[in-house]
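Please read the following notes with the sequence and the model open side by side.

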Amino acid sequence: LDLERVGVHDSVETVFPPEELATYLAAPSFEAAVIGDDGIGGCDAVVTLEHRDAFLECEWVHSIQAGVDRFPFDAFSAHDVVLTNSTGIHDRTVGETVAGYLLAFSRRLHDHVANQRDRRWGRPDWDEAFTLPGKTACVVGTGTLGSGIADVLGALGVRVTGVRRSSEPVPGFEEIYPTGELLEAISDAEFVIVTVPLTDETRGLFDAAAFDAMRDDAYFVNVARGGVVDQDTLVEALESGTLAGAALDVFEDEPLPEESPLWGMDEVIVTPHCAAFTRDYFRDVGDIVRENVDRLESGESLYNRVV
Ligand code: NAD
């Protein structure tokens with residue numbers, strides 16, 4: 001691939017200004033420009049948030065997200081289009097976001113913010129607030145997100161266990177369960193945190209059996225993808241009190257529809273798919289793209305290649 005023109009698709013605007021990345025990528029050997037849908041045709045490679053069928057005419061597409069479930073893999077391989085993703089950069093951001101959810105629940109910060117909006121001096125009941133050391137968080141998926149979460153929660157004294165496809169140990173996790181033992185793994189955790197990619201295997205992984213297996217006083221956290229969870233069943237579990245609460249960054253439908261009951265639940269924190277946001281996001285993505293440009297030039301295989 002002889003890279004002459006790299007487009008930064010304007011869909012990245014949801015996460016950072018496209019011009020910032022185009023400027024960051026600028027190099028003497030190729031041109032980097034912000035493009036809309038009508039500019040895709042002139043590019044050898046595109047960096048993007050969303051998918052467009054016109055990308056099938058390019059040679060290389062880079063997703064600014066780690067999750068690539070919205071791209072049609074079969075069509076990419078049929079058209080010989082390479083797809084790379086941004087796995088590897090979201091450990092600290094998502095780790096800190098998840099720690100924030102846990103601290104909100106334990107220190108009741110979400111209640112105080114809600115009360116403040118009503119100018120209400122409302123102290124928690126004597127037995128509502130707690131501390132994190134000694135509590136167990138089971139992290140399902142032990143990749144970049146899972147490891148970042150284990151790191152930050154570990155520093156807060158949380159006992160972190162993990163679920164992955166094999167039972168090999170992973171640094172930062174006190175205990176590892178294979179996916180086949182998911183129900184056992186989540187059954188004694190005060191927090192269950194999902195970080196697996198959305199695939200045929202993980203779609204609907206959190207169903208009635210999973211929520212039944214969890215403790216009644218457990219909190220459920222999803223920073224992966226909405227499709228990994230049966231959302232109606234989650235709502236039922238929250239309404240019937242078989243779960244204590246949830247922090248959700250991702251949903252079956254995004255934006256979360258206004259009529260969703262999740263918006264109105266006291267023990268649910270809703271965030272708008274921004275767990276990985278940081279003002280450094282364009283640099284982190286830019287570094288992956290630059291690394292791959294170097295690899296293309298030296299004929300090496302691409303980093304984070306998915307298709
Ligand atoms: P990653 O590739 O580093 O880690 C994913 C891990 O999940 C891998 O270790 C993989 O082996 C494991 N896995 C896959 N299928 C599994 C299964 N069936 N059971 C157990 N483990 C399984 O990716 P990452 O950067 O950690 O991102 C993970 C996912 O999180 C992404 O695919 C994306 O959907 C989501 N994500 C969300 C946000 C957000 O803003 N909320 C940000 C980044 C990533």
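1. A residue is called buried when its relative accessible area is under 20%. The model discussed here is predicted. By this cut-off Asn115 is buried, because its relative accessible area is 11%.

2. Asn115 belongs to helix α4, which covers residues 109-117. Leaving aside residues up to four places away in sequence, Asn115 touches Arg120 and Gly122.

3. Helix α8 spans residues 231-240, and its buried residues are Gln231, Thr233, Leu234, Val235, Ala237 and Leu238. In an α-helix, residues three or four places apart point the same way, because there are 3.6 residues a turn.

4. Against which elements do the buried residues of α8 pack? They pack against helix α7 (208-213) and against the strands β10 (219-222), β11 (245-248) and β12 (268-270). Just after α8, Gly241 adopts a positive phi of about 80°.

5. The ligand is surrounded by 24 residues, and the closest are Thr144, Leu145, Arg165, Val223 and Asp249. The shell is made up of nine nonpolar, ten polar and five charged residues.

6. Val223 contributes through its backbone, where an N or O atom lies 3.0 Å from a nitrogen atom of the ligand. Taken alone, the ligand exposes 850 Å², and the protein buries 87% of that area.

Notes: Residues are numbered from 1 along each chain as its sequence is written. This is a predicted model: local features need pLDDT of at least 70, side-chain atom pairs count only at pLDDT 80 or more; totals for chains, interfaces and linings use all residues. Side-chain values use heavy atoms; hydrogens and water are left out. A residue is near a molecule or strand if one of its heavy atoms lies within 4 Å of it. A polar contact is a pair of N or O atoms within 3.5 Å; within protein, one must be able to donate a hydrogen and the other to accept it, and residues adjacent in sequence count only if both atoms are side-chain atoms. Accessible areas come from the Shrake-Rupley method with a 1.4 Å probe; for residues, only the protein chains shown count as cover. Ala, Val, Leu, Ile, Met, Phe, Trp, Tyr, Cys and Pro count as nonpolar, Asp, Glu, Lys and Arg as charged, and the others, Gly among them, as polar. Helices (H or I, at least four residues) and strands (E, at least two) are DSSP runs, numbered from the N terminus. Buried means under 20% relative accessible area, exposed over 50%, partly exposed in between (1.4 Å probe, protein chains only). Contact means heavy atoms within 4.5 Å.
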